[in-house]
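Please consider the structure shown below. The paragraphs that follow lead through its strands and helices in turn.

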Amino acid sequence: MRLLIVEDEPTLGELLRRNLAARGFAVDLAPSKAEAIAFLDAEEYDAVLLDRGLGDGDGMSLVGHIRGRGSEAGILILTARDAPADRIAGLDAGADDYIVKPFDMDELIARVRAVLRRPGKRLSTVLEVANLRFDAAQRRAYVAEQPLDLSRQEAALLDLLMRKEGAVVRRDEIQRSLYNFDDEVTPNAVDAAISRLRKKLRGAGAAVEIAVLRGVGCMLEAKRQDLAAAAAPPR
Ligand code: CA
């Protein structure tokens with residue numbers, strides 16, 4: 001899941017970026033309205049955290065910009081203002097939630113998840129396919145209840161593929177979901193991540209398959225029962 005944080009206070013912006021990245025999100029940080037627009041024009045985000053008081057204007061005006069482009073990104077407004085009229089204005093403008101500063105970091109993360117949990121986003125906490133389970137809040141995977149050791153990136157990839165179980169996930173979607181603009185992404189980074197995840201799942205005896213469509217993307221699905229039964233025992 002890809003997030004954009006629009007926040008002009010460097011300390012708070014960095015704190016948000018670090019905490020959300022630690023939960024497995026790919027995060028970009030824009031310190032002004034102008035930079036936020038540049039990010040929004042270049043990338044598709046699953047959610048945007050928007051500070052209202054920015055150096056170059058009211059962050060709220062970006063809500064219209066985001067919705068005007070037809071984006072269904074979850075929008076959370078961050079603000080020091082607590083007047084009910086402000087909240088109503090924010091929600092009426094098309095925001096999904098309104099968070100008053102100072103806020104508790106765990107609560108903010110829970111509310112980001114809640115916004116992403118809307119229909120079509122499927123951000124449920126626990127994902128299950130066959131004997132594979134992924135706890136999205138804890139960022140932990142289990143095969144037949146045995147914990148599977150995954151890197152942050154492998155966990156993010158598994159999260160994405162399990163959410164879209166049985167559907168082809170395109171390479172560009174994988175790339176934008178795993179990496180932010182600061183990451184150096186080599187052309188075969190996505191292939192390498194897929195290959196490492198497949199190897200780990202196979203090694204752990206997960207009853208799922210990641211089918212790769214060369215140059216297009218990949219798809220995770222449960223192994224068919226008959227195939228699983230006929231398969232040779234693990235080497
Ligand atoms: Ca501010």
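Strand β2 (residues 26-30) is largely enclosed by the rest of the structure, because 4 of its 5 residues are buried (under 20% relative accessible area, with exposed over 50% and partly exposed in between, for a 1.4 Å probe and protein chains only). Helices (H or I, at least four residues) and strands (E, at least two) are DSSP runs, numbered from the N terminus. The model is predicted: local features need pLDDT of at least 70 and side-chain atom pairs count only at pLDDT 80 or more, while totals for chains, interfaces and linings use all residues. Residues are numbered from 1 along each chain as its sequence is written, and side-chain values use heavy atoms, leaving out hydrogens and water.

Strand β1 (residues 2-6) pairs with β2 in the parallel sense over 5 bridges; pairing requires that DSSP finds at least two bridges between two strands. Within this pairing, isoleucine 5 has leucine 29 of β2 as its bridge partner.

Elsewhere, 4 strands form an open sheet with antiparallel pairing, in the order β8-β9-β10-β11. Strands β8 (126-129) and β11 (146-148) stand at the edges with a single partner strand each, so one side of each is left without a neighbour in the sheet. Between β10 (residues 140-143) and β11, the antiparallel pairing extends over 3 bridges, and valine 143 stands opposite glutamine 146 in β11.

Glutamate 154 lies in helix α6. This glutamate 154 is buried, with a relative accessible area of 3%. Not counting residues up to four places away in sequence, glutamate 154 touches Asp149, Arg196, Leu197 and Lys200, where contact means heavy atoms within 4.5 Å.
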